[in-house]
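Please look through the structure shown here alongside the numbered points that follow.

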Amino acid sequence: MSARVERVNERLPEAGVDVMLVTELINVRYLTGYTGSNGIALIGADRAEFVTDFRYVEQAEQEVDPAFGRHRAAQDLLDAVDEMLPAGPLRLGFEDAHVSVRAHASLRELLPERVELVGVTDLVESLRAVKEPEEVARIRAATELADTALESLLTEGLAGRSERDLALALELRMRELGASGPSFEPIVAGGPHGALPHAQPREERVERGELVVLDWGARLDGYCSDCTRTVATGEPGEEARAVYDLVLQAQLAGLEEIRSGCGGRELDAIARSAIASGGHGEQFGHGLGHGVGLDVHEAPRLSQRSDDVLAAGNVVTVEPGVYLPGRFGVRIEDLVVVGEEGPDVLTRITKELILTD
Ligand code: ZN
Ligand code: ZN
């Protein structure tokens with residue numbers, strides 16, 4: 001049986017269930033290898049089963065781990081669950097963060113009394129948080145590709161082009177380099193627009209002498225990258241440089257401490273206090289970072305409310321920012337692999353303030 005299936009099996013007693021029903025597609029993909037848009041998996045009681053519909057039978061043949069029995073459901077995939085469950089009283093886990101109220105009700109109706117439905121939170125997500133070496137290799141490749149795309153965009157210059165045009169160019173470049181797409185809609189935000197942490201690229205042109213926040217990532221082999229650089233289209237002025245340096249110091253302070261065993265909240269606090277000591281604590285309104293993998297935002301979290309403890313093999317971002325409404329914003333984000341001694345920083349683009357056209 002595959003190592004991932006085995007790990008799910010090991011967690012079932014702790015989750016208080018005999019069999020786990022996995023319906024969240026990204027989790028189904030992680031466990032089975034299936035990349036289509038309709039599939040579920042059942043793991044436990046010495047079985048691993050995969051169910052899809054007619055459209056994906058062929059694809060499932062090619063993709064799904066042979067550890068799984070493969071099945072086709074006529075209509076609703078949940079219809080097939082009952083017949084795959086062992087006899088007798090049974091506790092069936094479902095993914096309570098993903099199963100809708102309606103799907104839960106229809107499951108309850110479909111299944112006999114002997115089956116108790118038990119909500120389980122983040123079981124597969126917690127496995128996904130610790131990357132295997134080949135997963136790290138894919139994220140590293142996605143990061144390199146995204147780095148190259150930005151470098152290529154910067155050689156063309158930013159000033160005079162609209163944010164939207166630049167975001168499109170960045171996305172196109174990533175696709176040309178082999179990405180299946182961006183891992184999220186790229187952010188390109190010039191001057192005052194950079195003060196919106198999740199700015200949508202506008203038709204407005206990037207001016208000369210302003211800071212531009214670029215936050216982008218590539219998706220390659222299913223895995224995401226995520227990076228932010230704030231660059232200047234010519235000399236941005238003393239205050240912009242001072243804020244840039246402050247954010248950089250906070251980012252380096254976070255990187256300095258990151259290793260397995262660290263709390264997500266403690267790391268956030270380290271970067272946050274660096275920014276607060278520069279007088280901008282109020283302008284850093286989001287968490288320090290998040291896990292990245294098959295999803296661009298996943299476990300573990302580095303934030304003021306996180307209870308996560310980092311483990312070797314986590315891949316996380318470190319991305320403090322300062323946002324001055326109506327003026328400018330600065331964010332610097334690297335993607336790193338957490339190790340026992342410290343981080344392996346995947347992002348290769350310089351963090352010296354880049355002055356571009
Ligand atoms: Zn980002
Ligand atoms: Zn991020």
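1. In the contact between helix 9 and helix 10, Leu246, Ala250, Ala253, Gly254 and Glu257 of helix 9 meet Leu267, Ile270, Ala271, Ala274 and Ile275 of helix 10, where contact means heavy atoms within 4.5 Å. By class, this contact of helix 9 with helix 10 has 8 nonpolar, 1 polar and 1 charged residues (Ala, Val, Leu, Ile, Met, Phe, Trp, Tyr, Cys and Pro count as nonpolar, Asp, Glu, Lys and Arg as charged, and the others, Gly among them, as polar).

2. Please keep in mind that this is a predicted model, in which local features need pLDDT of at least 70 and side-chain atom pairs count only at pLDDT 80 or more, while totals for chains, interfaces and linings use all residues. Residues are numbered from 1 along each chain as its sequence is written, chains are lettered from A and ligands numbered from 1 in the order in which they are written, and side-chain values use heavy atoms, with hydrogens and water left out.

3. Helix 9 (residues 238-257) and helix 10 (residues 264-277) pack at an angle of about 155°, and their axes are 8 Å apart. That makes helix 9 roughly antiparallel to helix 10 (angles under 35 degrees count as roughly parallel, over 145 as roughly antiparallel, 65 to 115 as roughly perpendicular and the rest as oblique). Helix 9 passes helix 10 in a right-handed crossing.

4. For helix 7 (residues 133-156) and helix 8 (residues 163-176), the axes come within 9 Å and cross at roughly 135°, which makes helix 7 oblique to helix 8. The crossing of helix 7 and helix 8 is right-handed, and the contact is made by Leu145, Ala146, Ala149, Leu150, Ser152 and Leu153 of helix 7 together with Leu166, Ala169, Leu170, Arg173 and Met174 of helix 8. By class, the contact of helix 7 with helix 8 has 9 nonpolar, 1 polar and 1 charged residues.

5. The zinc ion (ligand 1) is coordinated at 2.0 to 2.6 Å by Asp215 (OD), Asp215 (OD), Asp226 (OD) and Glu333 (OE); donors are N, O and S atoms within 2.8 Å of the metal (3.2 Å for Na, K and Ca), and water is not among the atoms, so sites may look incomplete. The angles among the 4 donor atoms of the zinc ion (ligand 1) are 54 to 149°, and the site is irregular (four donors count as tetrahedral if all angles lie between 85 and 135 degrees; four count as square planar and six as octahedral if opposite donors are over 155 degrees apart and all others between 65 and 115; anything else is irregular).

6. Which residues coordinate the zinc ion (ligand 2)? The donors are Asp226 (OD), His290 (NE2), Glu319 (OE) and Glu333 (OE), at 2.1 to 2.2 Å. The 4 donor atoms around the zinc ion (ligand 2) subtend angles of 78 to 150°, which makes this arrangement irregular as well. Along the chain, the donors of the zinc ion (ligand 2) follow the spacing D-x63-H-x28-E-x13-E.

7. Asp226 bridges the zinc ion (ligand 1) and the zinc ion (ligand 2), which lie 3.1 Å apart. Asp215 lies in strand 9 (residues 211-216) and Asp226 in the loop between strand 11 (223-224) and strand 12 (227-232), so the pair ties together parts that are 11 residues apart in sequence.

8. Two backbone details deserve a check. The peptide bond from Ala299 to Pro300 is cis, with omega near -5°, and Pro300 is found in strand 14 (residues 298-302). Ala45, in the loop between strand 2 (39-44) and strand 3 (47-52), has phi near 50°, a positive value in a residue other than glycine.

Key
Axes fitted to C-alpha atoms, helices over the stretch in contact; angles between N-to-C directions. Helix = DSSP H or I, 4+ residues; strand = E, 2+ residues; numbered from the N terminus. Left-handed = near helix turned anticlockwise from the far one by under 90°.
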